[in-house]
Amino acid sequence: GKMAAPMSQGSRVPEPGAAPYGNFPNYSRFHPPEGRVSLLPQGLLRSLFPAATRPLLGLDVGCNSGELSVALYQHLLGLQDSDSSTELPGAGKELKLLCCDIDPELIQRAQQSSPFPASISFASLDIMDPRAREPFLSSFLQRFGRSSFDIGFCMSVTMWIHLNHGDRGLLEFLALLASLCTFVLVEPQPWRCYRAAARRLRRLGRRDFEHFRSLQIRGDMAESITRILTQQCAMELVCSFGSTSWDRSLLLFKSTSAHPQG
């Protein structure tokens with residue numbers, strides 16, 4: 001199928017880093033969750049939502065097999081600390097996290113291993129397919145009487161959207177995130193990762209990414225994504241939390257337009 005990781009010649013083991021949709025079978029082994037969450041300050045949710053009195057809703061796009069989603073959930077709620085009672089008061093201490101990925105096998109793994117099934121939902125979804133996306137997201141939001149998410153996560157996903165859907169697809173995806181979420185945490189892949197991903201497919205004899213050679217948005221991708229979100233999507237850059245050891249920035253944006261909270 002289109003989502004299967006390519007096999008190296010003479011091997012039944014998927015070639016690491018060569019999945020055409022970023023759906024690597026062992027992603028957390030070479031980019032551990034701790035490399036991201038350690039950059040985020042303690043009490044981040046409390047500072048973003050100081051007056052929260054209802055459960056907060058989060059959307060994690062491209063969650064793979066869920067290790068990073070769980071780590072983000074634990075970090076944001078202070079669950080790795082001995083005393084988590086200082087994180088958020090009342091009902092606002094709850095975070096309901098909806099995590100989606102294009103690969104159903106990775107989602108199945110996430111569902112089977114999740115330590116918080118009541119608070120973290122995993123679902124197979126192609127976020128770029130509006131016929132599947134719109135009823136699915138609406139159904140989740142309606143369960144809480146809401147029309148948008150409080151916070152969205154897009155961790156090393158933008159490159160795969162860009163390579164598979166082109167410049168227009170990237171613009172549509174970023175506009176979608178901005179329309180769905182009050183805050184968005186984005187980890188863009190740098191341009192060198194685009195070249196490396198294309199090389200891996202060619203080395204395995206696979207067809208190149210359809211849009212790779214025609215992309216006009218290129219170069220400093222963190223700067224480009226910041227420009228798109230701030231100039232075209234009614235968001236402002238709140239904070240850059242620095243870069244991971246593999247040179248990827250963590251950027252937090254806030255919507256400058258009101259999201260009706262229902």
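Predicted model: local features only at pLDDT ≥ 70, side-chain atom pairs only at ≥ 80, totals over all residues.
A residue counts as buried when its relative accessible area is under 20%, as exposed when it is over 50%, and as partly exposed in between (1.4 Å probe, protein chains only). Residues are numbered from 1 along each chain as its sequence is written, and side-chain values use heavy atoms, with hydrogens and water left out.

**Aromatic pairs**

- The whole structure holds 7 aromatic pairs, meaning rings of Phe, Tyr and Trp (its six-membered ring) with centres within 6.5 Å; planes under 30 degrees apart are called stacked, over 60 edge-to-face, and the rest tilted.
- One of them joins tyrosine 73 to phenylalanine 116, a tilted pair at 4.9 Å centre to centre with 45° between the planes.
- Tyrosine 73 sits in helix H4 (residues 67-76) and phenylalanine 116 in the loop between helix H5 (104-113) and strand E3 (120-124), so this pair ties together parts 43 residues apart in sequence. Helices (H or I, at least four residues) and strands (E, at least two) are DSSP runs, numbered from the N terminus.
- Phenylalanine 116 has 22% relative accessibility, so it counts as partly exposed.
- Phenylalanine 140 and phenylalanine 149 make a stacked pair, 5.9 Å centre to centre and 15° between the planes.
- Phenylalanine 140 is buried at 5%, and phenylalanine 149 is buried too, at 0%.
- Ring pairs also bring Phe144 into a cluster with Phe140 and Phe149.

**Nonpolar cores**

- The largest nonpolar core has 46 residues, and Ile127, Phe149, Leu163 and Phe173 have the most contacts inside it. Such a core is a set of buried Ala, Val, Leu, Ile, Met, Phe, Trp, Tyr and Cys residues joined through side-chain atoms within 4.5 Å.
- Helix H7 (residues 158-180) gives the most to this core, with 11 residues.
- At least three residues come from each of domain 1 (52-79 + 90-155) and domain 2 (157-255), with bounds from an automatic or database domain assignment.
- Setting aside neighbours within four places in sequence, isoleucine 127 is in contact with Val61, Cys100, Arg133, Leu137, Ile161, Phe173 and Leu176; contact here means heavy atoms within 4.5 Å.
- Another core, of 31 residues, lies apart from the largest one and includes Leu44, Phe49, Leu76 and Phe153.

**Arginine 195**

- Arginine 195 belongs to helix H8 (residues 191-203) and is partly exposed at 40% relative accessibility.
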